[in-house]
Amino acid sequence: MTENLGKVYNSFVALDNLNLRVATGVILGFLGPNGAGKTTTIKILTALIKPTGGKAYLNGIDVTSNPKAALSDVGAVVETPEFYSYLTPNEMLSYLGELRGMSSNEISEGSRKILDEVKLTEWADKPIGSFSRGMKQRLALAQALLHDPMILILDEPTSGLDPRGMHEVREIIKILKEKGKTVFMSSHLLSEVQEICDTVALLDRGRLIVCDKIENLSKISPVKKIQVQALVAPTDSQLDRIRRLTGVRSVEQTGSQVLLIEFEGDEGSMAELHHSLLGLGVKMTSFKPTGADLEGMYLEMIAESAR
Amino acid sequence: MKSSPPSDSEQLHMVARYELLKYLRGQRLFGILIITAFIAWLMLALPPLIGRGYPSDVRTFPSTFLNFVSILIVLSATFFGSDAIVSEFQQRTGYALFPSPIRRRIILLGKYLASALSSLLVVSVYYIIIIVSAQAIYGTFPGELFLSYYLAVVYMLSILAFAFFLSSVMKGSTGSAVLTFFLFQMILPIIDVVLNSADIDPWFSITHAGSIISSILTMPPAMGEARGPMQPTGAAVGIPYPLYIPEVLSSLIVMVNYIAITLLAAIRVFERREL
């Protein structure tokens, strides 16, 4: 939770009276353009920097005045951390686990399990100095999860990972969600946020624009994306006619037989769109709304905030 | 698996243990021990090799060795202290360590403990070589060597504390290492000489206070009375002006103050420094 949290660098306001409350068990996606104040917030929450105003609390404990207690049940990945090159993942986890008061049994058992989850088992005893950025990111996630914290603060957790790695990290976060953990996660990948998070906080120029459940945000922006899979690729003439249908904002052909339709309207209008597509001779094998157009909402709200 | 963080003192030892591992794995400790052995070898092997032999006086023999103690201490501070804090910021390892439930002052003190233990090993090895050599060559050694050793340990702690302060302030490891080495090996000694030449007692200077380590064997027996502008003893070492020689007690007070002030300053800067 943050209360009127502020951070000013010389004359630049990085955070402006940020008030944010994250309930237990919520996976919150922290969004905003570059320089919006996302990393500044995360750095304050993890005691890497001090605020110039306001308070930040973790589990009800003030991070600035009592970081040791506040961070005791928190796991964090901030930016892409580096690790001591002379240590191995097992030793690094052992060091950080000891600092958290874990017993040697808990550390060895926990390390084995978590290194397996982040697919670093075969590198467990190799010096970190030889690791790639993606491997360090996996290790960063491992150290954040080692002590099974109730709160996770993740700053772009899939950054630097290959597509498979990104998928694996998302799966881990989904498991955390099932376990009832609270995750505060910043990301530039809106699709990722949409897939994993149940709540979104949007920040722009240090100010909180909105913080709400994704399903509620879809009401703010009625724009939806619908993925249509056709049996045969639609002709140019069919595409032109689809673009002219009521509510259709744009049509993108993402594959020879796949269309991504940006659509504005309620469920009834969507049913009409489905009917119209059939009427135009588009032989659909699937018609799949992809939920709220978070990107549209994001751009709309950022533009509104700039006005 | 819910554990509460260990006490500050336990965490301090953990940090020190992993810092010592860094010195061992990074070959720093081994490297400086090699340098120590090499200096000692030069001191022992060169006189016979150039046909001059060892001094006839048992007090002169160790005093030659002691001139190099301060260099070893500065090297230790450069090897172990100069990048201890700055590297956490420059190499971004702080992103993994600082969000842990540990106070920054404990991180700094743990690192300081590790660097002090490593430096203590280096200094102790050097003094053991001096004592064993003096015993082997002369059949005895001056008792003042023990006092010199204790003073060297306090001087080492003060130089390390200063190096930690520089490490907390500096932006890069290389700059911190270069500054640490040249500050104690060149800049401050130059200031001492200039103050001496201006007939000002540099009693407050840490390097001046540290010179007690070697001067203890050459100063007059009533050390306290040697204070102030002396007869031109500087001429004996080619310095044509009065030379102030520090006292044991005042040197100790100066060194202890440097430890306290620079270590507190280092903690203060480190706690406020943002990553």
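Ala163(B) counts as buried because 33 C-beta neighbours lie inside 10 Å. Burial here means 20 or more other C-beta atoms within 10 Å of a residue's own, exposed means 12 or fewer, and partly exposed is in between, with C-beta atoms placed from the backbone. The model is predicted: local features need pLDDT of at least 70, side-chain atom pairs count only at pLDDT 80 or more, and totals for chains, interfaces and linings use all residues. Residues are numbered from 1 along each chain as its sequence is written, while chains are lettered from A and ligands numbered from 1 in the order in which they are written.

**Ala163(B) and its surroundings**

- Ala163(B) lies in helix H8 of chain B. Helices (H or I, at least four residues) and strands (E, at least two) are DSSP runs, numbered from the N terminus.
- Not counting residues up to four places away in sequence, Ala163(B) touches Ala77(B), Gly81(B), Ser82(B) and Thr180(B). Contact means that the C-beta atoms of two residues, placed from the backbone, lie within 7 Å.
- Arg273(B) is 110 residues from Ala163(B) along the chain, and their C-alpha atoms are separated by 17 Å.

**Helix packing in chain B**

- Two packed helices are described by the angle between their axes and the distance between the axes. Axes are lines fitted to C-alpha atoms, for helices over the stretch in contact, and angles run from 0 to 180 degrees between N-to-C directions.
- The axes of H7(B) (residues 104-138) and H8(B) (residues 144-169) come within 10 Å and cross at roughly 150°. H7(B) and H8(B) are therefore roughly antiparallel to each other. Angles under 35 degrees count as roughly parallel, over 145 as roughly antiparallel, 65 to 115 as roughly perpendicular and the rest as oblique.
- H7(B) passes H8(B) in a right-handed crossing. A crossing is right-handed if the near helix is turned clockwise from the far one by less than a right angle, and left-handed if anticlockwise.
- On the H7(B) side, the residues that meet H8(B) include Leu108(B), Tyr112(B), Val123(B) and Ile130(B). On the H8(B) side, they include Tyr149(B), Met156(B), Leu160(B) and Phe164(B).
- The residues of this H7(B)–H8(B) contact divide into 16 nonpolar, two polar and no charged. Ala, Val, Leu, Ile, Met, Phe, Trp, Tyr, Cys and Pro count as nonpolar, Asp, Glu, Lys and Arg as charged, and the others, Gly among them, as polar.
- H1(B) (residues 8-25) packs on H7(B) at an angle of about 50°, with the axes 7 Å apart. H1(B) and H7(B) are therefore oblique to each other.
- The crossing of H1(B) and H7(B) is right-handed. By class, their contact has eleven nonpolar, three polar and three charged residues.

**Nonpolar cores**

- A nonpolar core is a set of buried Ala, Val, Leu, Ile, Met, Phe, Trp, Tyr and Cys residues joined through C-beta atoms within 7 Å.
- The largest core has 140 residues. Ala142(A), Ile73(B), Ile159(B), Ala161(B) and Phe164(B) touch the most other members.
- H8(B) gives the largest share of this core, 15 residues.
- Beyond four places in sequence, Phe164(B) touches Gly81(B), Ala84(B), Ile85(B), Leu108(B), Tyr112(B), Leu263(B) and Ala266(B).
- Another core, of eleven residues, lies apart from the largest one and includes Val228(A) and Leu259(A).

**Contact between the chains**

- Chain A gives 28 residues to the contact and chain B gives 24 residues.
- H3(A) (89-99), H4(A) (104-117) and H5(A) (133-145) each supply at least two residues of the chain A side. The largest share, four residues, comes from H3(A).
- The chain A side has 15 nonpolar, six polar and seven charged residues.

**Chain A**

- Chain A has eleven helices and 14 strands. Of its 307 residues, 43% count as buried.
- The C-alpha atoms of chain A fill a box of roughly 65 × 45 × 30 Å, taken along the principal axes.
- Among contacts in chain A between residues at least 6 apart in sequence, 69% join residues at least 24 apart.
- Met166(A) is found in H6(A) (residues 163-178). Met166(A) counts as partly exposed because it has 18 C-beta neighbours inside 10 Å.
- Glu156(A) has phi near 45°, a positive value in a residue other than glycine. Glu156(A) is buried, with 22 other C-beta atoms within 10 Å.
- Phi of Arg205(A) is also positive, near 45°. Arg205(A) lies in the loop between strand E9 (199-204) and strand E10 (207-213).
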